[in-house]
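Open the structure in your viewer and keep the selection panel handy. We will go from stop to stop, picking a few residues each time and saying what is there.

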Amino acid sequence: MRDVAVIGFAQVISARERERNEVELIIPAVRGALADAGIARSEVDFTISGSCDYLSGGPFTFVSGLDAAGAWPPVKESHVEMDAAWALYEAWVAIQTGDVDSALIYGFGKSSLGDLHEIMTLQTDPYTVAPLWPSMVDLAALQASVFLAATGRSDAELAAVAARSRRAALANPYAVAAEDVAEDALLARPVTHAPLRDADIAPITDGAAAMIIAVRDVAERHCERPAYLRGIEHRVDPQGLGLRDLTTSTSATLAAHAAGVADGPVEVAELHAQFSHEELILREALGLGDDVEVNPSGGALGANPVMATGLIRIGEVATRIRSGAVRRGVAHAAQGPCLQQNLVCVLEADR
Amino acid sequence: MSEALVEHHVLEYPGGYTRSVGPALSRYLSGLRDGVIVGVRGADGRVLVPPTEYDPVTAADLDDYVEVGPAGTVVAWTWVAEPRPGKHHLDRSFAFALVRPDGADTAMVHVVDARRPDELAIGARVAPRWAAERHGYVTDLEAWVPLPEGQAASPAPPNAAADASDEAITGIVTPIRLEYDINAGIAASKYLRALGERRIVGQRAVDSDQVYVPPRGSDPTSGAPTEVEVEVGQKGTVTTYCVVNIPGLSENAPEIPYVCAQILLDGSNTPWFGLVHGVAPDDVRMGMRVGAVWVDDPGPNAGSIKWFEPTGAPDAPYEEYKDYA
């Protein structure tokens, strides 16, 4: 295995962006990540993005994103129709093959253009589920319903997650849903998608994020304290919601095991939980103890630029490691309804 | 700075999306049409509903179909206070639920038509309410409804569909419609607003003399932002073209054959797409000089230029546009 580290990261976030289009959001993200890494665009070997054409309602709209990345003369380039955390995975594999030594990864999306919750219905079974048009929030609420009933937990525990996330988001300049609020105050607000309240649901967010990763010798040249990817894996559950045990996330557990989460202390974890109950499910699935600081950024409940949210989890952990605040942390990304597909990576500094 | 231009956009497949259903869902949907719920026995003996073609654990082929229900139990539910017209098939508040039909080991996503959320609970008994006219679609089971204690589910009424048949369902048509308010962005909004003033405006690269039109807000060679607006010429050179013999593709070209071309506008470095009129298709050629013809009442949209017509000037020499051909 080649040692690969995160050496640059930047994000551009807006609650509902009315001026810039997707390309204009990516430009400062890519330039910010390059500046953070102190590396020239021409020195980066591989370029890959993650996005979803359904967010903008047009085919191949992801191609225009390359206008922001600098891609002429033609560069080695790829794209995944997934959160850019999976683009990071492909870039990591590309580096492992030895073909490239560094990569620019970016993810972007404007959830505010259409009805995100309805658009995500199209990722469900197109024969038996999508024709009924359950929104992604409806399906998450079904999982929350099963989870609370099976575990005997109450919606007060959901509110505790939501309140802690919103308070943590106050310290995150990129968060769009931040407030100094107590759990009791959230519990007093109306239930909108039983058993969920609005604060349990990730906010509509537009944005882009970009990251630079590189092999050890390039990383050490550009970065005082690189955040090495010690382990990375992704797994998927069956598509049929009824075929899954929705009280847990089997694919997240398998990915966490393969990534080596338990092989050392976890000082911080950023979890791609778009709903309060997903954090509780993921904490158990990843085997995180109560001593682990979870989502100090506010997580996806603080800002959810779809298709970049997962990459941002990795960026948040990497940034804390590079600053010296922590030495080892875990980042998680999810795709699909009810935590169907999960990516887990372990990041660590050498010392 | 004024806000970016916004245009309403509908993503829709006319007539719906046609899908083949395969053997397992054929049994399931044919069953719904006939008023029964069909599952399949998995490799471990569990009954899965809706049925899958392959075992989710072993991937073995499955074909031991079994009838389940008709009554079932609510495993999970959430309340939908306001149904969305055009999406939800019920027109009043209802619940989405995971319902496990009797005799099945898995639950299915469907709706429960309850009057109030307090009629629902995990473990509540429900029975299918069948549509009168059934065509082999998931809403043939119109909704699950609360089943009072001590009552049994009623059998499905005979299918009242005029085209009712016993043949296996092999395909379905699913309507898909999504609506957007697309935001053009800063650079494209300036470009479009200029078109409304009969001007064509691009942007110049920061570190070269390249002028891009339409502008994207960035230099695609470097990714660097472009912020300097440059008005380019309304005349240009045909760098390449094609003769279209398919009718109905363009409102501005009601008759075939017509010509669409890449045109390098004077003062720009990116060829631009336009129609060429006022000349027989056989006479269009690379290097031909053409000029923009505007509509009478231009607005901030790409339709403000109807087409291009030959200017009559001598053709541009190949050397002048060879890098763009």
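Start by selecting helix 6 (residues 155–169) and helix 10 (residues 276–285) of chain A, which pack at an angle of about 95° with their axes 8 Å apart. Helix 6 and helix 10 of chain A are therefore roughly perpendicular to each other; that label covers angles of 65 to 115 degrees, while under 35 is roughly parallel, over 145 roughly antiparallel and the rest oblique. Axes here are lines fitted to C-alpha atoms, for helices over the stretch in contact, and angles run from 0 to 180 degrees between N-to-C directions. Helices (H or I, at least four residues) and strands (E, at least two) are DSSP runs, numbered from the N terminus.

Now show side chains: helix 6 of chain A brings A:Glu157, A:Leu158, A:Val161 and A:Ala162 to this contact, and helix 10 of chain A brings A:Ser276, A:His277, A:Glu279 and A:Leu280. Contact means C-beta atoms, placed from the backbone, within 7 Å. By class, these residues divide into 4 nonpolar, 2 polar and 2 charged. Nonpolar stands for Ala, Val, Leu, Ile, Met, Phe, Trp, Tyr, Cys and Pro, charged for Asp, Glu, Lys and Arg, and polar for the others, Gly among them.

A word on what you are viewing: this is a predicted model, in which local features need pLDDT of at least 70 and side-chain atom pairs count only at pLDDT 80 or more, while totals for chains, interfaces and linings use all residues. Residues are numbered from 1 along each chain as its sequence is written, and chains are lettered from A and ligands numbered from 1 in the order in which they are written.

Staying in chain A, select A:Asn295, in the loop between strand 10 (293–294) and helix 11 (299–302). A:Asn295 is not a glycine, yet its phi is positive, about 50°. Is A:Asn295 buried or exposed? A:Asn295 counts as buried, with 24 C-beta neighbours inside 10 Å; the cut-off is 20 or more for buried and 12 or fewer for exposed, with partly exposed in between.

Compare B:Ala59, in the loop between strand 4 (47–48) and strand 5 (65–68) of chain B. Phi of B:Ala59 is also positive, near 70°, but B:Ala59 is exposed, with 10 other C-beta atoms within 10 Å.

Strand 3 (residues 37–41) and strand 5 of chain B are joined by 4 bridges; pairing requires at least two DSSP bridges. To find one of them, pick B:Ile37 and its partner B:Val68.

Next come two cis peptide bonds. One joins B:Val213 and B:Pro214, with omega about -5°, and B:Pro214 sits in the loop between strand 14 (211–212) and strand 15 (228–232) of chain B. Another joins B:Ile256 and B:Pro257, with omega about -5°.

Finally, show both chains: their contact takes 54 residues from chain B and 44 residues from chain A. The chain B side has 32 nonpolar, 15 polar and 7 charged residues.

Notes: Contact = placed C-beta atoms within 7 Å.
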